[in-house]
Amino acid sequence: MAARSGGFLLLLLLGLAARGPAAAAAAKMKVVEEPNSFGLNNPFLPQTSRLQPKRDPSPLSGPAHLFRLSGKCFSLVESTYKYELCPFHNVTQHEQTFRWNAYSGILGIWHEWEISNNTFRGMWMRDGDSCRSRSRQSKVELTCGKSNRLAHVSEPSTCVYALTFETPLVCHPHSLLVYPALPAALQHRWDQVEQDLADELITSQGYEKLLRALFEEAGYLKTPEDSDSMREGGAKALAFQTLENCSEAHRELWKEVRRLRSVLTQHGIPYAQAAETPPSEHGGPRTPTDGTAEQLRGDPGRRGNTL
C-alpha cells in the first residue's frame, strides 16, 4: 500500500514539474502575440503587407533595355532605415527597429521620366504616403556602375527624396538618349520640329511645347490631366466639356428612365409622373417647383429632340 502511495506521489510531482515550463511558455507566447492588435504597424507582419499604395504604377516606358529591371527590387540600409527601390514600380522605406510601431511607408510610385537635352535624366516616383499637406516623392538618378545596386539615398528637402541607382545598363554614352527610344513615326515628327525651328517657323518656346507633346504621346511624360486622374485613383470626375456632351448624356439618361417606367408598368407598380417629363415632351406650362426642368427649358440642345 505504501509503495502504491509513493508511486502515485511520484507521478503527481512529475506532472506538476511538466506543467510548470508549459505554463511559463504559454505566458511568453501571450506577450509575443499581443502586438498583433496594433494593425498595419505590427512588426511581425511582412513589411509589404503594411503598405497601401494610392494608385497603380504608370506603364513601362523609356529605353527598352531598362525594362529588364522591372519586377526586381534593390535595397540599401542607411542608419536605421532600409530603402527599397523597385524600378518602374515604387520606392519604400522601412525603419529597422523592434518598436511595435516601426515606420514603413511608400516614398513614391513610378510616374514619369525627367527629360532634358534629349536625355532621360531621372525617374520620378510620385504620390507616395502623405507628408504634412502633400505626398512624398522621389527622383531616381541612373548612373553607370559595375552591378545593379541602390547606391545612395538622401532627402534634400522635406518629403522629397533623391536616390542614386548604379547599373551597367547606362554605361554606354547613348544608353539614355530619348531620340533612339522613340518609335519611327515620332522620330519623324521630331525631325520636322527641328527643321521648323531651324527655318524660324516656330519659336524656342513653341519648340519646347511641341517636344513635350511628343514625349507625352510616347508615354515618357504625363499630361496634367493624366496626373490628376492618377492622383484620384484613376477615376476621372464626371464633367461635360460641351453642350453637345451634356445633351447626349441627358438623352441616354432619359432613355433609361423610359425603360424603367415600362418595366414598372408591366408589373403594375405605380410611380409618380409629376415634374418628370423632359422639356422636349412637355407641352403645357411648367410648375415653378420643377427646378431642373426650368433650368433646361432654354437649353437649345434640348429643342427638337425626339426620344
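Author: In this predicted model, strand S3 (residues 90–95) and strand S4 (residues 104–116) run antiparallel and are joined by 5 bridges. Within this pairing, Asn90 stands opposite Ile109 in S4. S3 also pairs with S2, again in the antiparallel sense, over 6 bridges. Here Leu85 is the residue that stands opposite Val91 of S3. The hairpin of S2 and S3 has 3 residues between the strands, and in it Phe88 takes a positive phi near 65°.

Strand S3 is mostly covered, 6 of its 6 residues being buried. Asn90, Thr92 and His94 point one way from the strand, whereas Val91, Gln93 and Glu95 point the other way; all are buried.

A disulfide joins Cys86 to Cys73, with an S to S distance of 2.0 Å. The link of Cys73 and Cys86 is right-handed, with 105° about the S-S bond.

The structure holds 3 disulfides. Another is formed by Cys131 and Cys159, whose sulfur atoms are 1.6 Å apart. Cys131 is in strand S6 (residues 130–131) and Cys159 in the loop between strand S9 (149–157) and strand S10 (160–167), so that this pair too links distant parts of the chain, 28 residues apart. Both Cys131 and Cys159 are buried.

A further disulfide joins Cys144 to Cys171, with 1.9 Å from S to S. Its link is right-handed, with 90° about the S-S bond. Distant parts of the chain, 27 residues apart, are linked here: Cys144 is in strand S8 (residues 137–144), and Cys171 in the loop between S10 and helix H2 (184–198). Cys144 is partly exposed at 47% relative accessibility, and Cys171 is likewise partly exposed, with a relative accessible area of 35%.

With bonded cysteines counted along the chain, the disulfides of the protein chain follow the pattern 1-2, 3-5, 4-6.

Technical notes: Residues are numbered from 1 along each chain as its sequence is written. This is a predicted model: local features need pLDDT of at least 70, side-chain atom pairs count only at pLDDT 80 or more; totals for chains, interfaces and linings use all residues. Side-chain values use heavy atoms; hydrogens and water are left out. A disulfide is a pair of cysteine sulfur atoms within 2.5 Å. Helices (H or I, at least four residues) and strands (E, at least two) are DSSP runs, numbered from the N terminus. Buried means under 20% relative accessible area, exposed over 50%, partly exposed in between (1.4 Å probe, protein chains only). Two strands pair if DSSP finds at least two bridges between them.
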